[in-house]
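Here is a friendly briefing to read beside the model. Keep the viewer open as you go through the points.

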Amino acid sequence: MPKGIAVDKQGRMKERAAMSDTNLLLAITVVVFFLLYLSAILFLGGGFAKPQNFLNILNNNASLIVLSCGMSLVMITGGIDISVGAVTCLVCMVSAVNLEQQGGNLLTVVLIGLGIGLAFGVVQGFLVAHLGIQPFIISLAGMFFAKGMTTIVSKEPVRVTNEGFLAVKDTRITVPGLGSVNKLGEYIPAYVEVGVVIALLTVLLLFCLLRWTKLGRSFYAVGGSSQSANMLGINVRRTRFLAHVLCGVLAGLGGILYFLHVGSGDVANGAGDEMNAIASSIIGGTLLTGGVGNVAGTFFGVLSLNTIKRIVSSLGFDEAWWSNITVAAMLCLFLVVQSVVLLRRNKK
Amino acid sequence: MTTPVKEPKNTAKRPHESRLKQLTRHQLFIPLAALALLVLFNLVADPSFFLVTVKENSLGNPVLSGNIISVLDNASELVILAIGMTLVTASSGGQDISVGAAMAIAGSVILRMVCGGQVTADTMQMSLLLAVLIGILVSMVFGAFNGVLVAYFKIQPMVATLILYTAGRSIAAWINNNQLPIINDLGFKYAGTFLPGVPIPTPIFITALIIVLFWLALKRTNLGLYTQSVGINANSSRLNGLDPKLIKLMTYVILGVCVAIAGFIRVSRSGSINYSRMAENIEMDAILAVALGGNALSGGRFNIYGSILGAYVIQFLTTTLYKYEVPSTALPAYKAVVVILLVVLSAPVVQEKLAGIRKAPAKTAKGVS
């Protein structure tokens, strides 16, 4: 053995090694993101240098940020939830129908979104935590159920014309000091949409939850080793259940934000977002095997993923398939890196 | 791991159990019961469901037509996939969710070969056999890619295959430069429709051939034994001189072959391809077929005939739903309910509870007799 592994404090040494893994993976993500963005500015210039361009990544992906954070929570406890994209789609469609045909308002939209998310979270969480069914199978069924229900609600796209809703949708929150001057010499302020603020607040809240609350710490404990967690007196089933419920609610919130961004219900809404969310979490340093991860990393994961997509499309490969292939390649790369890290750690 | 421990208990108990209980305990009970239920439903609702007539197809040849023929015909791809999926499930304890996307890749490769790179071709530019062989080869490579990730990098199968699931359809489009090649050669469509002079759809024959091949392989070789032992306990199989990684990889490559054949049948039906819609959601059906066949999704012991039966039951259900005009886009919602019911019923916790309910009356019955 090259390095002296602690003789008497093996438990502590292991813990420290695991923590450094979390931080190492987070550091890799942050560095990768900044390198990507800097090289984009240097080599592609123009658009990438404008602050608004960066803010647009946030504007377009507020929903994905929330979805990915929910995904990370479940992944930290060692589960997975691939129904989030379809739940987003269902929330959009039901909200749109509610606003247009049933005279709903913003409040009902929020209630619908959170309600649908909660329902999916509770059912899936119960089946996973209390009946011990593989989370992938259950959430696969959940995904197909949500997809099918969406087309049952409405096959045709529903465009929203409700004024109260559109007013919120089009609200632009100006970010001071980041504006730019256009060719005519007019000053255009940089802005973010309402959804971005909600998404950032969610990330902050979840970050605090994971780092400083008992529930947050028990997510890590259950994901790391459910047996040890059980011996420590943590209610493993309840923890898993709550992780899925939280993920469901966040998927509902993600649906609301998606709806706020696009303003219509369509069966194509949120298509493939479950894969984007998983990819973002993995790139952000969340291990699929559980116990390691961080929502801050996930946030940077979303940014990296979308920066890559933008770079690929600005290089001239703007067909849809290139973006899919790049995402898959990036996912593959990070999965292999993680697997190697994990295998090496287990060997020690 | 619990299976080998439980098994002797069950066999020991069996002689004391009634016929009915032995029947319900049998692995094929659930798919057979589901099939019987569907048949009964159709018999009561509309007996004409089972009518088989002779009709002329578009070429003027007399061919058999009817719902039963359509079930047998349309289930072909699913049955072939379910066979491969059973092996993968047994060896690695997980499922391959990229089969639909991989089918699109195989179909795209075969079409590109026979069209010779043109968008529309009236005659095949390459011998069909060679084109299919190339398709199988490409598909095996993608299967090996999944297999390496699962076996050597120890990534959970469903997550490892997520990569190909995301990229597969894009790769399929890329192979043909995002064009939709169409082949009008009748010879190409024999495999997906009818051979001249034969009234039964060709996919039924291909499926039968594949089933026989696997039956022979399982009977004559150690494929089944090795796959099961790796799935039950990879470590102890390694100690017994097997290479679990290689065997896992092999099952993924075999699934690759199945995928290519299924993809060939699918493109051969129409002579064209739609990258995003082709074989959509078929991975869900294939996994469902394995589960419905009474196989544990966590790996280990398997019964390939259960999966085959499961696949036919699913197609039967689909055809029935179509007959009652359930729109194809709403179909997943119904199937999802069936999946959830199935996995809940097969969950260990529920099984134990059910066994508890079963045991209680059994004891009292004994006491009385």
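B:A279 sits in the loop between α13 (244-270) and α14 (282-292) of chain B; helices are DSSP runs of H or I with at least four residues, strands are runs of E with at least two, and both are numbered from the N terminus. Its phi is near 50 degrees, a positive value in a residue other than glycine. B:A279 counts as buried because 26 C-beta neighbours lie inside 10 Å; a residue is buried with 20 or more other C-beta atoms within 10 Å of its own, exposed with 12 or fewer, and partly exposed in between, with C-beta atoms placed from the backbone.

This is a predicted model, in which local features need pLDDT of at least 70, side-chain atom pairs count only at pLDDT 80 or more, and totals for chains, interfaces and linings use all residues. Residues are numbered from 1 along each chain as its sequence is written, while chains are lettered from A and ligands numbered from 1 in the order in which they are written.

**Another positive phi in chain B**

- B:N178 lies in the loop between α8 (157-175) and β4 (182-183) of chain B.
- For B:N178, phi is near 65 degrees, a positive value in a residue other than glycine.
- Is B:N178 buried or partly exposed? B:N178 has 13 C-beta neighbours inside 10 Å, so it counts as partly exposed.

**Chain B overall**

- Chain B contains 17 helices and four strands.
- Of the 369 residues in chain B, 44% are buried.
- Taking contacts in chain B between residues at least 6 apart in sequence, 76% join residues at least 24 apart; two residues are in contact if their C-beta atoms, placed from the backbone, lie within 7 Å.

- α6 (residues 99-115) of chain B is mostly covered, with 17 of its 17 residues buried.
- The 17 residues of α6(B) should span 24 Å at 1.5 Å a residue, and this agrees with its end C-alpha atoms, which are 24 Å apart; the expected span is 1.5 Å times one less than the number of residues.
- B:G116, with a positive phi near 60 degrees, follows α6(B).
- The axes of α6(B) and α13(B) come within 8 Å and cross at roughly 65 degrees; axes are lines fitted to C-alpha atoms, for helices over the stretch in contact, and angles run from 0 to 180 degrees between N-to-C directions.
- This crossing of α6(B) and α13(B) is right-handed; a crossing is right-handed if the near helix is turned clockwise from the far one by less than a right angle, and left-handed if anticlockwise.
- Residues of α6(B), including B:V99, B:A102 and B:A106, meet residues of α13(B), including B:V259, B:G263 and B:V267.
- Eleven nonpolar, two polar and one charged residue form the contact of α6(B) with α13(B); Ala, Val, Leu, Ile, Met, Phe, Trp, Tyr, Cys and Pro count as nonpolar, Asp, Glu, Lys and Arg as charged, and the others, Gly among them, as polar.

- B:F145 belongs to helix α7 (residues 128-151) of chain B, and it counts as buried because it has 20 C-beta neighbours inside 10 Å.
- B:F145 and B:A160 are 15 residues apart in sequence and 9.3 Å apart in space, C-alpha to C-alpha.
- The axes of α7(B) and α8(B) come within 9 Å, crossing at roughly 140 degrees, and the crossing is right-handed.
- From α7(B), B:F142, B:F145, B:N146, B:L149 and B:V150 meet B:P157, B:A160, B:T161 and B:L164 of α8(B).
- That contact of α7(B) with α8(B) has seven nonpolar, two polar and no charged residues.

**Where chain A touches chain B**

- Across the two chains, 33 residues of chain A are in contact with 34 residues of chain B.
- α5 (135-153), α11 (273-283) and α13 (320-347) of chain A each supply at least two residues of the side of chain A that touches chain B.
- Which helix gives the largest share of that side of chain A? The largest share, twelve residues, comes from α5(A).
- The side of chain A that touches chain B has 24 nonpolar, six polar and three charged residues.

**Confidence**

- The model scores ipTM 0.73 and pTM 0.80.
- Chain B averages a pLDDT of 84, with 90% of the residues at 70 or more; pLDDT is the predictor's confidence in each residue, from 0 to 100.
- Chain A has a mean pLDDT of 83, and 91% of its residues reach 70 or more.
- Over residues 1-14 of chain B, pLDDT stays under 50, as it does over residues 365-369 of chain B.
- Over residues 1-16 of chain A, pLDDT also stays under 50.
- Where pLDDT is low, the predicted coordinates should not be read in detail.
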